[in-house]
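Open the model in your viewer and keep the selection panel at hand. The stops below go one selection at a time.

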Amino acid sequence: MAECDKYIMMISSLSDSELSPEQEAELCAHMESCSDCRRIYDAFKGISGAMSDDLVEPPESLSKSIMHRIEAQ
Amino acid sequence: MTREEELEIVRQVQDGDSSAFESLVLSHQSKVYNLSLRMVGNEDDALDMAQESFIRAYNSIGSFRGDCRFSVWLYRLTTNICLDFLRSESRKAHISLTYAEDDCERELEIPDERFSPQSEAERAELRAAVRRGMKHLPADYRAILLLREIDGLSYDEIGKALELEAGTVKSRIFRARKKLCEILLSDRNFSYTSESKERKEV
């Protein structure tokens, strides 16, 4: 696990597509042989998916009440 | 709506056409409301935060120069309004909103595949667990993670929204995710289900 320390923050950046191609290639090569880091990557991606899939519709009254307040100013 | 179309509407509002602001509200109300909801944790306060964000945006739109997307500027206002609200609430309850950095020295170990749901039931379980876990995440980490996950801002845009260096954005998002994983792993209502185990054993 100690050698994984240098990769753990890169895993977060990979899940955000914020790595350079060189960094991405290095990390992916490491994850090929490291199930611990692969699980962390899957966890970060799983949480990302859960958050982005969990959007709710705002109440219909929101836009009307904003515009009423603006018009009343 | 393209960035150019959006800028044109912003200019109309800046020139005094208040009715043009409605299209900006309609375009961004879902992201602003969801950001507020996950920040403050309940629908009534989220509605107040979302309203306040748009009212403040309207009243200060003269200061928007188009250096970034309008949404980045708007989410910055929303985040600050929510953080101010949570600060005032935490003062009443004497709760810290910031994260103890040395908590991050511990290694992160994911013991099973609970974060990789396959069925809709498992996905719903993970969504509910993340919703619960977010309420326990310190507010500054909640904010940066929401800007990334709900509003889809890049690290550069988050840096502009929160006035942080790119390296700080990167490390804080990582720490927020790590802390959230730890919170979820200690959530007794969210565990590796028998359904998941059966799936793996087939």
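Start with Ile144(B), which touches Ile158(B), Leu162(B), Val169(B), Arg172(B), Ile173(B) and Ala176(B), leaving aside residues up to four places away in sequence. Touching, or contact, means that the C-beta atoms of two residues, placed from the backbone, lie within 7 Å.

Before going on, note that this is a predicted model, in which local features need pLDDT of at least 70 and side-chain atom pairs count only at pLDDT 80 or more, while totals for chains, interfaces and linings use all residues. Residues are numbered from 1 along each chain as its sequence is written, and chains are lettered from A and ligands numbered from 1 in the order in which they are written.

Next, select Ile40(A), Ile47(A), Ile144(B), Leu147(B) and Ile158(B). Of the 65 residues in the largest nonpolar core, these touch the most other members. A nonpolar core is a set of buried Ala, Val, Leu, Ile, Met, Phe, Trp, Tyr and Cys residues joined through C-beta atoms within 7 Å. Buried means that 20 or more other C-beta atoms lie within 10 Å of a residue's own; exposed means 12 or fewer, partly exposed in between, with C-beta atoms placed from the backbone. Helix α2 (residues 21-40) of chain B gives the most to this core, nine residues.

Now show the whole of chain B. Buried residues are 39% of the 202 residues in chain B.

Colour chain B by domain: domain 1 is 3-93 and domain 2 is 101-197, with bounds from an automatic or database domain assignment. Their centres, taken over C-alpha atoms, are separated by 24 Å. The contact takes 13 residues from domain 1 of chain B and 14 residues from domain 2 of chain B. On the domain 1 side, α2 and α4 (70-93) of chain B are the elements that give two or more residues, and α4(B) gives the most, six residues.

Last, show both chains. How many residues of chain B are in contact with chain A? There are 38, and they meet 34 residues of chain A. The largest share of the chain B side, nine residues, comes from α2(B). This side divides into 22 nonpolar, seven polar and nine charged residues. Here Ala, Val, Leu, Ile, Met, Phe, Trp, Tyr, Cys and Pro count as nonpolar, Asp, Glu, Lys and Arg as charged, and the others, Gly among them, as polar.

Definitions and conventions: Helices (H or I, at least four residues) and strands (E, at least two) are DSSP runs, numbered from the N terminus.
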